Structure formats: C-alpha cells, structure tokens
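Student: I am new to this structure. Can we go through its surface and its charged residues by question and answer?

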Amino acid sequence: ERDALVRRIGADPRYAVEASPEPEYYAKQAESANALYFIVVGLAVLAGIGAAFGATNTLYAAVQSRRAEIGTLRALGFSRTSILVSFLVESLAIALGGFAIGAVLAALLGRLVSWLLGGIAFGAATFTANVIQLRVGWGDLVSGFVLALVIGLLGGLAPAARAARMRPIEALRRA
C-alpha cells in the first residue's frame, strides 16, 4: 500500500514533493546534525590539546617555583615516586576543577540559550530548519570528565617527571 502511494506521488507532476518513509526522512535530517557534531568534537579536541599545553606550562612554573620545597622533601627522604605522584595529583586536581567549572557553565549557558532563543535553528539538507535544544547530558559529562583526566595526566606528566628527577643538593642550591 505504501509503495503504491510513493509511486503515485512520484508519477504525478502536480506534486513537487518526494515521498519517503519516516526513518529515511529523519536520517536525512540528521545528516546535517552529524556534521555539526563532528565539528564540535573536533573543536573540543583542539581545545583539549591547547589545555594540555597550558597545564604543562603551569606545572613547569610550579616545579620551578618550588625547587626549594622539592629539594627539602628529597633531602628528608621522600622518594622520587612520591614527588612524581604529588605533582600528578596536583595536575589532575587542577584539570578536574576546570572540568567542574566548565560543566556547570555549559549546563547553565545551554539552558539560558534554550530559554532565550527557544533553541538553535540551522538549515537542513531537506530545505527545512531543525531546531535543537542545548542540553548537557550524562554522556557529555562523562566524555568531558575523561578528556579532563587525559589532559591533566598528559599535561602534568613531563613537569612531574622533571620534579621527581631533581637531586636534592642541586634543587636546594638553585633555590
């Protein structure tokens, strides 16, 4: 029955429409949303790379400014591993603090934009406008959390290793 209707609509020149099943119609609508999704993910990855460099720079400065403390801890008998772990924990704490602030701001801004504008409209491939509501879901938060952990770990690894390799006498002498 459906196929007969599709053929009749396709054969009648009065209709300037295309008949398609509902799943196919929504799949076409989603194509433009998928492109938007990949752009957003790409921007997030680029921002994450920049954040990792920022975290690395911040922790190198922290290591440099704490040379005396690192030398003192090493002279008191703290192991290289404990120094490394302490700087990695600091790096992860900074990253998770940034995640918490970002998650709250994203949720608030998403609700504000949806409330003020009623959503975000963008053109679709089928000459219609799709309106999406900006909401932060649990999957988004988990992805952001994992990305924050990776940024904190990668950004803090080299400075933490540098702090752990310091010899007590050299660290105290240069302080």
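Student: Which residues form the nonpolar patch on the surface, and how much accessible area do they have together?

Tutor: This is a predicted model, where local features need pLDDT of at least 70, side-chain atom pairs count only at pLDDT 80 or more, and totals for chains, interfaces and linings use all residues. Residues are numbered from 1 along each chain as its sequence is written, and side-chain values use heavy atoms, with hydrogens and water left out. Patch members have over 30% relative accessible area and no salt bridge; nonpolar side chains (Val, Leu, Ile, Met, Phe, Trp, Tyr) are joined within 5 Å, like charges within 9 Å. Here Y37, F38, I39, V41, L43, V45, L46, I49 and F53 form the patch, and their accessible area together, by the Shrake-Rupley method with a 1.4 Å probe and only the protein chains shown as cover, is about 970 Å².

Student: Is L46 buried or exposed?

Tutor: L46 sits in helix α2. Helices are DSSP runs (H or I, at least four residues), numbered from the N terminus. Buried means under 20% relative accessible area, exposed over 50%, and partly exposed in between (1.4 Å probe, protein chains only). L46 has 57% relative accessibility, so it counts as exposed.

Student: Which elements give two or more residues to the positive patch?

Tutor: Lys and Arg count as positive, Asp and Glu as negative, while His and the chain ends are not counted. R80, R162, R165, R173 and R174 gather in this surface patch. Two or more residues come from each of α5 (138-165) and α6 (168-174).

Student: What is the relative accessible area of R174?

Tutor: R174 lies in helix α6. R174 is exposed because its relative accessible area is 59%.

Student: How many salt bridges are there?

Tutor: Side chains of opposite charge can pair when their charged atoms come close. A salt bridge needs a side-chain nitrogen of Lys or Arg within 4 Å of a carboxyl oxygen of Asp or Glu. By this rule the count is three.

Student: How many residues apart are R66 and E90?

Tutor: R66 and E90 form a salt bridge, with their closest N and O atoms 2.7 Å apart. The pair links distant parts of the chain: R66 is in the loop between α2 (22-65) and α3, and E90 is in helix α4 (residues 80-117), so their separation is 24 residues. R66 is partly exposed at 30%, and E90 is partly exposed at 22%. The separation asked for is 24 residues.

Student: Which side chain of opposite charge is nearest to R74?

Tutor: R74 belongs to helix α3 (residues 67-75). R74 is buried yet has no salt bridge. The nearest side chain of opposite charge is 11 Å away, and it is E170.

Student: Which backbone oxygen does the side chain of R74 reach?

Tutor: The distance is 2.8 Å, and the backbone oxygen is that of F78.

Note on methods: The place of a charge is taken as NZ of Lys, CZ of Arg, CG of Asp or CD of Glu. A polar contact is a pair of N or O atoms within 3.5 Å; within protein, one must be able to donate a hydrogen and the other to accept it, and residues adjacent in sequence count only if both atoms are side-chain atoms.
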